[in-house]
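Welcome! Have the model open while you read.

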Amino acid sequence: MIGYRVKSLREERKMSISELSSKSGVAKSYISSLERNLQTNPTILVLEKIAKILCIKVDALLLNEQADKVMDEEWMEIIQDVMGSGISKEEMREFIQDKKLMSLRIEKL
């Protein structure tokens, strides 16, 4: 059930319902209802907002699987900072690729 997964992931990240609500823009009462399986048909928009803050893919909520491994809190903060900075996914991929190429060049020296 989606609500159980949301609650489990939120608690793994030591996040309160209030904190998830504040960061995602989804009402506390709605998250609470979702976690208690009173609300069983959330919109994709709601799931996207929650998944973004929990640093997982929406699929992980919908398909009942952990699509992404649980990340430690520091990595989650870094990812949220990058997402909030306006850097596109493609720019981030290019940055990572450039870093890898630079490391290879240094190793060859």
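**Exercise 1.** Describe how H2 and H3 pack, and name the residues that meet.

*Solution.* Start with the axes: those of H2 and H3 are 9 Å apart, and the helices pack at an angle of about 120 degrees. Keep in mind that this is a predicted model. Next, classify the angle. Angles of 65 to 115 degrees count as roughly perpendicular, and H2 and H3 are therefore oblique to each other. As for handedness, H2 passes H3 in a right-handed crossing.

Now look at who meets whom. H2 brings Ile 17, Ser 18, Leu 20, Ser 21 and Ser 24, while H3 brings Lys 28, Ile 31, Ser 32 and Glu 35. Sorted by class, the contact of H2 with H3 holds three nonpolar, four polar and two charged residues.

**Exercise 2.** Carry out the steps again for H2 and H4: which angle do their axes make, and which residues form the contact?

*Solution.* The axes of H2 and H4 come within 9 Å and cross at roughly 110 degrees. This time the angle lies inside the range of 65 to 115 degrees, and H2 and H4 are therefore roughly perpendicular to each other. Their crossing is right-handed.

On the H2 side, the contact is made by Leu 20, Lys 23 and Ser 24; on the H4 side, by Lys 49, Ile 50, Ile 53 and Leu 54. By class, that gives four nonpolar residues, one polar and two charged.

**Exercise 3.** Find the buried residues of H2 and work out how they are arranged around the helix.

*Solution.* First, list them: Leu 20, Ser 21 and Ser 24 are buried in H2. Then look down the axis of H2: the buried residues fall within an arc of 100 degrees, so they line one face of the helix. Finally, ask what lies over them. The cover includes H1, H3 and H4. Just after H2 comes Gly 25, with a positive phi of about 80 degrees.

**Exercise 4.** Zoom in on Ser 21: is this residue buried or exposed, and what does Ser 21 touch?

*Solution.* Locate Ser 21 in helix H2. The cut-off for buried is under 20% relative accessible area. Ser 21 has a relative accessible area of 12%, so this residue is buried. Leaving aside neighbours within four places in sequence, Ser 21 is in contact with Val 26, Ala 27, Lys 28 and Ile 31.

**Exercise 5.** Turn to H1 and say which residues are buried there and what covers them.

*Solution.* H1 spans residues 2–12, and its buried residues are Ile 2, Gly 3, Arg 5, Val 6, Leu 9 and Arg 10. They cover an arc of only 165 degrees around the axis, which puts them on the same side of H1. Their cover includes helix H2 (17–24), helix H3 (28–35), helix H4 (44–54) and helix H5 (58–62). After H1 you will meet Lys 14, which has a positive phi near 55 degrees.

**Exercise 6.** Where is Cys 55, and how far apart are the C-alpha atoms of Cys 55 and Arg 13?

*Solution.* Cys 55 sits in the loop between H4 and H5. With a relative accessible area of 9%, Cys 55 is buried. Along the chain, Cys 55 and Arg 13 are 42 residues apart, while their C-alpha atoms are separated by 9.9 Å.

Notes
Residues are numbered from 1 along each chain as its sequence is written. This is a predicted model: local features need pLDDT of at least 70, side-chain atom pairs count only at pLDDT 80 or more; totals for chains, interfaces and linings use all residues. Side-chain values use heavy atoms; hydrogens and water are left out. Buried means under 20% relative accessible area, exposed over 50%, partly exposed in between (1.4 Å probe, protein chains only). Helices (H or I, at least four residues) and strands (E, at least two) are DSSP runs, numbered from the N terminus. The arc is that of the directions from the helix axis to the C-beta atoms. Contact means heavy atoms within 4.5 Å. Axes are lines fitted to C-alpha atoms, for helices over the stretch in contact, and angles run from 0 to 180 degrees between N-to-C directions. Angles under 35 degrees count as roughly parallel, over 145 as roughly antiparallel, 65 to 115 as roughly perpendicular and the rest as oblique. A crossing is left-handed if the near helix is turned anticlockwise from the far one by less than a right angle, and right-handed if clockwise. Ala, Val, Leu, Ile, Met, Phe, Trp, Tyr, Cys and Pro count as nonpolar, Asp, Glu, Lys and Arg as charged, and the others, Gly among them, as polar.
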